[in-house]
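Good morning, and thank you for making time for this item.

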Amino acid sequence: MKIHEYQAKELLGARGVSVPQGRLATTVEEAVAAVRPLVEATGNAVVVVKSQIHAGGRGKGRFLEHPDLGGVNVVLDGLKGGVEAAEAAVRSLAERMLGSTLVTVQTGPQGKQVNRLYVEQGIDIERELYLSVVLDRSTGRNIVMASTEGGTEIEEVAAERPDAISRETIDPAVGLLPFQAHALSWRLGLRGEAAKAGRRFIAALAQTSVELDTDMVEINPLVVTKGGAVMALDAKVSFDKNALFRHPQLAPLRDLSEEDAAEVTATEYGLSFIKLDGTIGCLVNGAGLAMATMDTIKEVGGEPANFLDVGGGATTENVTAAFEIITRDPSVRGIFVNIFGGIMKCDTIANGVLQAVHNVGLQVPLVVRLEGTNVELGKRIIEDAGLPGLVVAGSMREGAERIVELTR
Amino acid sequence: MSVLVGTGTKLLVQGLGGAGKFHVDRSIAYGTQVVAATHPTRAGEVEVFEGEVDASGVPGRTGSYRVEVPIFATVRDAVAATGANASVVFVPPPFAADAIMEAADAGVELVVVITEGIPIQDMVRVKRYLEGKPTRLVGPNCPGVITPHECRIGIMPGYIHETGRVGVVSRSGTLTYEAVKQLTDNGLGQTSAVGIGGDPVNGTNFVDVLRLFQDDPATEAIIMIGEIGGTAEEEAAAFIRDHVSKPVAAFIAGTTAPPGKRMGHAGAIISGGAGTAAEKIAALEAAGAVVAVTPSDMGDAVLEAMRRAGNA
């Protein structure tokens, strides 16, 4: 589960990770009202207005409605004109940003509507660094990753300047140890007061990550200010959804408007669904088989419209829900049902598919491939139904070929 | 011969909920020796399993079975009383990690975890706890382990399996069944099939199972089924290149998976451009494995690998 930058900063700030002061605004008036208290609290007339969407690349992103306007804007007007000038500038920015569509490298060309702004104190940046806590799958342990190349994607740094990255593994028995926080801070070039602040920051971040079951915490950039403070200028946090049961306080942080509506509906029915750009809808049992079905469609010249795993214990109800989700997508020109009935019998699945087709209606060609227990009976049930546009395939490859032909 | 499980396996059940009972019943029907179960409140009771034997299971058994499985409060008690040497875990996700560590503490040699949705941090702790202990963990989020006609631990359909020459190891459940079915249909059969699970942090990995199959005299060829995410397939490829003399076929799912999305399995995600199917396929091909283009070609890929090695 992803959360917004402002939520991440509130969460981290409350746990001893140093973050700038800021205020959330969902209206123009709230944005304007945020300016004076920020300027008075920090003594800095500079404020920053940041679009809050889940996608990255906001600074370089541009609004569809205002092609010259970026997703993150530094307001310097207060330096000469005082708080009133800053407020006026923030008003003008908020009026254009709120409700507009921000396109970044991660949103896709359609962009995302900005409904929340974060108004934050300006920071005098001395250096930009990078820090993250992620799972290292090859060892099955969390690692803290630090880089002197802040503001750049870590993958890019890993490819071009691997020596700029240092790592410390967290032993789950004892947590990140002080010497490790010191080593990371030292390798980041932090000295004196900044080193002390860096150690505290790193330790608090590692502890938060483990305690809150994060999937990932990324601070990019982590900045050293001209005054020697160490702060998270940006913060990206996501949580392990399987661990949310033990963190009920995190549930309200979920922003459903940032998620694909069909994917949210699918989750309610115990389906795993991901929307893709193609034309052939897929309904499959098992995650590996569902991925392989998409691959096979592509291999024989088609484009999958989705990933959909109905799970091991598919019922008529969730097969029907799956059909509804697939057929709601206007780009779907055909559907491929690919089931390996292991414990679940193929005749049960065949009946479920027919029932679902009956409930939802069939406007596009449908190819069904069944394998497993009672496969002959299952095939006969589907063939006997005699539905126009419904084809039974022998193998997975044959099924993929048929549906690609039928949608040409 | 086989790996991990066989006629000597004495199984303990942790988690007698609906799914646990159903699949344990299927395992008993298949001929697996289920000797004990644990339950927090039902110690002292027995769980009765009865029905018709699974004709695809252990040969030479009569038409029906009735087994009384004693229930214990703790794994220690169960092991002491019954000599159980393997455990299957169906415990719900919030409690599964504790169940695994309890089994390891009691010295159970093999723990197979079917449970899907265990928090990652729990598995990080479990993996640390298991360090230096003799317990082997398979899974979580896996279909289990089977040796045809000998022992079934998990949730796979028993009847598709046939004793034979090929070792199967996979991160995916249904793709394992696809491969097994094709190997049964083309007459090669399986020595054992091991599902290592679709989670990002798991116990036994590809390399562990490849080593077992390489050392198993009955296994003549191996098929490994991987998917996007992580680097387990690349590590397997390096191991194959250096340590596996037997023919290896492979399939990798997720060529068309978009980056940054979790494809059903918690571990199936391309993050930061790493963990793509293309990288894994390239690594396996460079290591000499025959990589099937679609899952329909997995059986043929094993035949091709054996042909290249001159022992088809």
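How many salt bridges does the rule find across the interface of chain B and chain A? The rule finds 8, a salt bridge being a side-chain nitrogen of Lys or Arg within 4 Å of a carboxyl oxygen of Asp or Glu. One of the pairs that form a salt bridge is B:Arg262 with A:Asp215, whose closest N and O atoms are 3.0 Å apart.

Before I continue, a word on conventions. This is a predicted model, in which local features need pLDDT of at least 70 and side-chain atom pairs count only at pLDDT 80 or more, while totals for chains, interfaces and linings use all residues. Residues are numbered from 1 along each chain as its sequence is written, chains are lettered from A and ligands numbered from 1 in the order in which they are written, and side-chain values use heavy atoms, with hydrogens and water left out.

Let us return to the interface. Chain B brings 57 residues to the contact and chain A brings 48 residues, contact meaning heavy atoms within 4.5 Å. The area buried between the two chains is about 4000 Å², and carbon and sulfur atoms give 60% of that; buried area is the accessible area (1.4 Å probe) that two parts lose on being put together, summed over both. Within the area that chain B buries against chain A, B:Gln121, B:Glu178 and B:Thr256 supply 15%, more than any other three residues.

Next, a site within chain B. B:Glu233 is located in helix α7 (residues 232-243) of chain B; helices (H or I, at least four residues) and strands (E, at least two) are DSSP runs, numbered from the N terminus. B:Glu233 counts as buried because its relative accessibility is 0%, where buried means under 20% relative accessible area, exposed over 50% and partly exposed in between (1.4 Å probe, protein chains only). A polar atom of the B:Glu233 side chain lies 3.1 Å from the backbone nitrogen of B:Glu227. Not counting residues up to four places away in sequence, B:Glu233 touches residues including B:Arg171, B:Phe206 and B:Lys280.

Finally, chain A. A:Thr27 sits in the loop between β1 (22-25) and α2 (28-42) of chain A. With a relative accessible area of 35%, A:Thr27 is partly exposed. The C-alpha atoms of A:Thr27 and A:Ala94 are separated by 7.7 Å, although these residues are 67 residues apart along the chain.

Note on methods:
A polar contact is a pair of N or O atoms within 3.5 Å; within protein, one must be able to donate a hydrogen and the other to accept it, and residues adjacent in sequence count only if both atoms are side-chain atoms.
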